Amino acid sequence: MYELHDIVEMKKPHPCGANRWEIIRMGMDIKIQCTQCGRLVMLPRRQFDKRLKRVLEKAQD
C-alpha cells in the first residue's frame, strides 16, 4: 500500500498549509516529514493508517 519515501496525503493538512508528507521511517511507528516546512512527526502505524488519505507519489527505485 505504501513504502519508504512515498509521498502521501493525510486527512488533515499541516498548520503550515501543506498536505504532502514523505515517509522517512517505517516500523512499529512511522515517521513522516512535511515537504514544505520540514517538520517531523512520528505516529504509531495504526494511527497513521487511520489518518492516511492516499498515496500521491510512489518512491523512485
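How exposed is Glu57, in relative accessibility? I looked this up first: Glu57 comes out at 39%, so it counts as partly exposed. I noted the cut-offs too: buried means under 20% relative accessible area, exposed means over 50%, and partly exposed lies in between (1.4 Å probe, protein chains only).

Before going on, I wrote down what I'm working with. This is a predicted model, where local features need pLDDT of at least 70 and side-chain atom pairs count only at pLDDT 80 or more, while totals for chains, interfaces and linings use all residues. Residues are numbered from 1 along each chain as its sequence is written, and side-chain values use heavy atoms, with hydrogens and water left out.

**Salt bridges**

Side chains of opposite charge can pair when their charged atoms come close. The test I used asks for a side-chain nitrogen of Lys or Arg within 4 Å of a carboxyl oxygen of Asp or Glu. Searching the whole structure gave me 4 salt bridges.

I found Glu57 in one of them, with Arg20 as its partner at 2.7 Å, N to O. Glu57 sits in strand S5 and Arg20 in the loop between S1 and S2, so this pair ties together parts 37 residues apart in sequence. Strands here are DSSP runs (E, at least two residues), numbered from the N terminus. I checked Arg20 as well, and at 34% relative accessibility it counts as partly exposed.

Then I turned to Glu9. Its side chain meets that of Lys53 in a salt bridge of 3.9 Å, N to O. Glu9 is in strand S1 and Lys53 in strand S5 (residues 52-57), so the two link parts 44 residues apart in sequence. Arg54 also forms a salt bridge with Glu9, at 2.6 Å, N to O. I put the three together in my notes: Glu9, Lys53 and Arg54 are linked in a network of salt bridges.

How buried or exposed are they? I got 10% for Glu9, which counts as buried, and 53% for Lys53, which counts as exposed. Arg54 is partly exposed at 47%.

**Positive patch**

Last, I looked for charge on the surface. Lys11, Lys12, Arg46, Lys50 and Arg51 gather there in a patch of positive charge. A patch takes residues with over 30% relative accessible area and no salt bridge, and joins like charges within 9 Å (nonpolar side chains within 5 Å). I picked out Lys11, which is in the loop between strand S1 (7-10) and strand S2 (21-25). At 55% relative accessibility, Lys11 counts as exposed.

Notes: Areas by Shrake-Rupley, 256 points an atom, 1.4 Å probe, with all protein chains shown as cover. Lys, Arg positive; Asp, Glu negative; His and termini not counted. Charge placed at Lys NZ, Arg CZ, Asp CG, Glu CD. Helix = DSSP H or I, 4+ residues; strand = E, 2+ residues; numbered from the N terminus.
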